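Let us walk through this structure one region at a time. Keep the sequence and the model side by side as you read.

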Amino acid sequence: MGRDVGAFAPGIKDPVEALRVYRNKDTIEKSFDDLKNQLDMKRLRIHSAASMDGRLFVQFIALILMSALRKKMRDTKLIEKYTVRELLLEMETLTQVRYSGKYGHILTEITKPQREILQSLKIQPNS
């Protein structure tokens, strides 16, 4: 006896539609997990409504960027090698130093994994 697909998507009998709803739900759950764990949104620690509005706006923008990065990682197959957190940790040490005058700006030493990530994402480092 088959399981009713409506068990995880109540009222939906079509298995394809139920799978779509389930995947959308999974995406939303991952977004809330990102907010709580990667974007430090467990406790707001805010004392005014204006501060809360500002914090929520910044967190919302950060979540949009995380979602876009995750999509780009899926599209380029980087998701098979790194989690979003691992990719960000790998790229964390890459720094651009700006000088006034003729030197402009330079990048710190790019590691081999960083170079591979930049190439996968089609980002040209300005050295």
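How many nonpolar, polar and charged residues are in the lining of the largest pocket? This is a predicted model, in which local features need pLDDT of at least 70 and side-chain atom pairs count only at pLDDT 80 or more, while totals for chains, interfaces and linings use all residues. Residues are numbered from 1 along each chain as its sequence is written, and side-chain values use heavy atoms, with hydrogens and water left out.

Now the answer. The lining of the largest pocket has one nonpolar, four polar and five charged residues. Here Ala, Val, Leu, Ile, Met, Phe, Trp, Tyr, Cys and Pro count as nonpolar, Asp, Glu, Lys and Arg as charged, and the others, Gly among them, as polar. The lining residues are R23, N24, D26, T27, K30, S31, S67, R70, R74 and I79. Helix α1 (15-38) gives the most, with six residues. Both α1 and α2 (49-75) supply at least two residues each. The volume is about 230 Å³.

Some terms need their cut-offs. On a 1 Å grid over the protein atoms alone, a pocket is an open set of points where a 1.4 Å probe fits, with protein on both sides within 12 Å along at least five of seven lines; lining residues have an atom within 4 Å of a point. Grid points are joined across faces, edges and corners, and a volume is the space filled by probe spheres set on the points. Helices (H or I, at least four residues) and strands (E, at least two) are DSSP runs, numbered from the N terminus.

Turn to the second largest pocket. About 200 Å³ of space lies in it. Its lining has ten nonpolar, three polar and no charged residues. Of its 13 lining residues, M91, L94, L107, L118 and I123 lie nearest the centre. The elements that give two or more residues to this lining are α3 (84-91) and α4.

Next, look at α4 itself.

Q114 is in α4, which spans residues 112-120. Its relative accessible area is 0%. Beyond residues up to four places away in sequence, Q114 touches (heavy atoms within 4.5 Å) E90, M91, T93, L94 and E109.

T108 lies in the loop between β2 (105-107) and α4. At 30% relative accessibility, T108 is partly exposed (between the two cut-offs). Leaving aside neighbours within four places in sequence, T108 is in contact with T93, L94 and T95. The C-alpha atoms of T108 and L94 are separated by 5.9 Å, though the two residues are 14 apart along the chain. A polar atom of the T108 side chain lies 3.5 Å from the backbone oxygen of T93.

Finally, check two backbone angles. K122, in the segment after α4, has a positive phi of about 60° although it is not a glycine. K122 is exposed, at 71% relative accessibility. K77 is found in the loop between α2 and α3. Its phi is near 70°, also a positive value in a residue other than glycine. K77 is exposed, with a relative accessible area of 53%.

Terms used
Buried < 20%, exposed > 50% of the residue type's maximum accessible area, 1.4 Å probe, protein only. Polar contact = N/O pair within 3.5 Å; in protein donor to acceptor, adjacent residues only side chain to side chain.
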